[in-house]
Amino acid sequence: MTDCPSGSDAAKAAKRAPTIVDIINAKSVRRLVMLTAYDAPGARIAEAGGVDMILVGDSVAMAVLGRPDTNSMTMDEMVHHARAVSSAARGSLVVADMPFLSYEGGPQDALRNAGRFFREAGIRAVKLEGGRQILPQVRALTGAGIPVMGHLGLTPQRAAMFGGFKAQARTAEAAHNLLRDALALQDAGCFSIVLECVPAPVAAAVTARLRVPTIGIGAGPDCDGQVLVFHDLLGLSDFHPRFAKVYADLARIASDAVGAYARDVREGSFPAPEHAFSIPPEEWEKWQALLRADSAADDGE
Ligand code: KIV
């Protein structure tokens with residue numbers, strides 16, 4: 001560890017985190033890049049790659065905690081991950097997912113739990129899954145000054161109602177409902193809306209009708225931005241969703257590195273002298289004298 005900031009630390013310090021106004025103003029000007037992260041190293045990697053926003057997604061349940069879905073995530077667990085991300089993030093807007101049943105009970109639940117992200121984890125925006133059925137919660141949060149990102153289409157917390165993780169808005173009626181949900185969320189104050197697993201032409205039409213940016217995942221190229229799960233992008237997932245692109249096979253790189261470490265330990269080539277610590281010669285001599293004195297005393301007994 002050094003006290004001197006590295007070049008990339010200095011660059012990070014120089015980049016101001018975008019505000020929700022910056023995110024809204026980016027619409028039709030430049031594409032927005034969002035990535036999930038669940039801990040401090042993940043946040044640093046995401047920012048070094050230049051993302052605009054980091055999502056502390058409840059996908060942590062599946063990506064990191066080995067669970068079958070996201071619905072077991074608790075507020076305590078989400079706050080724990082959100083605090084780790086926000087401790088490292090400097091130049092991106094960090095958004096935290098409100099977990100299943102942390103807001104469905106009504107505006108008071110939503111305010112209390114979103115407030116925990118603000119007070120305990122330094123988070124400045126939250127994401128809620130759902131459309132018109134959660135408008136009172138969205139209005140309460142935005143009215144209290146808490147920026148909200150919406151999430152429509154495949155909303156994994158409601159996957160049981162869809163019969164699993166399936167693409168949504170594939171009928172005229174469902175597409176129209178999605179548009180009405182998106183417009184209602186925008187009117188309730190959402191600063192952007194995730195569209196997940198929605199046909200590309202539907203996502204494009206919704207995007208064109210909104211003033212706030214859409215962030216797509218499995219929603220085609222015409223959203224205002226894209227989001228991916230960190231572990232999907234880096235080849236660290238067991239699960240390979242069709243919409244994800246693997247940009248690096250880190251699982252392979254990491255297991256090769258662990259294999260090299262195991263080999264070095266077994267062959268005795270790790271640790272090498274440069275990995276060890278020394279003791280001053282005079283201290284070593286003093287200790288040898290102590291050992292000799294101890295064994296002389298033992299012999300005398
Ligand atoms: O939890 C999550 O990572 C998400 C994204 C997939 C949008 O909600």
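Predicted model: local features only at pLDDT ≥ 70, side-chain atom pairs only at ≥ 80, totals over all residues.
Helices and strands here are DSSP runs, numbered from the N terminus. Is Tyr103 buried or exposed? Its relative accessible area is 0%, so Tyr103 is buried, the cut-off being under 20%. Leaving out neighbours within four places in sequence, its contacts are Met98, Asp109, Ala110, Leu128, Glu129, Ile134, Gln137, Gln157 and Arg158. One of these, Gln157, also has a side chain that makes a polar contact with the side chain of Tyr103, at 2.9 Å. Another contact, Leu128, sits 25 residues away from Tyr103 in sequence, yet the two C-alpha atoms are 8.1 Å apart in space.

Next comes the ligand. Where does the ligand sit? It is found in the largest pocket. There are 13 residues around the ligand, and those that come nearest are Gly57, Asp58, Ser59, Asp97 and Lys127. Three of these can be described through their side chains. For Ser59, a side-chain N or O atom is 2.5 Å from an oxygen atom of the ligand. For Asp97, the distance from a side-chain N or O atom to a ligand oxygen is 3.0 Å. For Lys127, a polar side-chain atom lies 2.8 Å from an oxygen of the ligand. As for how covered the ligand is, it exposes 250 Å² when taken alone, and the protein buries 95% of that.

Ser59 counts as buried because its relative accessible area is 17%.

Another serine, Ser192, belongs to strand S6 (residues 192-196). Its relative accessibility is 0%, so Ser192 counts as buried. Which residues does Ser192 contact, once neighbours within four places in sequence are left aside? They are Val148, Met149, Gly150, Val212, Pro213 and Ile215.

Most residues other than glycine have a negative phi, and most peptide bonds are trans. Two residues here go the other way on phi. Cys197, in the loop between S6 and helix H10 (200-209), has a phi near 50°, which is positive although the residue is not glycine. Ser28 also has a positive phi, near 65°, and is likewise a residue other than glycine. Ser28 is placed in the loop between helix H2 (20-25) and strand S1 (32-36).

How do these two residues stand on burial, buried or exposed? At 11% relative accessibility, Cys197 counts as buried. Ser28, with 71% relative accessibility, counts as exposed because the cut-off for that is over 50%.

Phe270 and Pro271 are joined by a cis peptide bond, with omega at about 0°. Pro271 itself is in the loop between helix H12 (250-267) and helix H13 (281-300).

Definitions and conventions. Residues numbered from 1 in each chain as written. Heavy atoms only, no water. Helix = DSSP H or I, 4+ residues; strand = E, 2+ residues; numbered from the N terminus. Buried < 20%, exposed > 50% of the residue type's maximum accessible area, 1.4 Å probe, protein only. Contact = heavy atoms within 4.5 Å. Near = heavy atom within 4 Å. Polar contact = N/O pair within 3.5 Å; in protein donor to acceptor, adjacent residues only side chain to side chain. Areas by Shrake-Rupley, 256 points an atom, 1.4 Å probe, with all protein chains shown as cover. 1 Å grid on protein atoms, 1.4 Å probe; cavity = no way out; pocket = protein on both sides within 12 Å on 5 of 7 lines; lining within 4 Å. Sits in = over half its atoms within 2 Å of the grid points.
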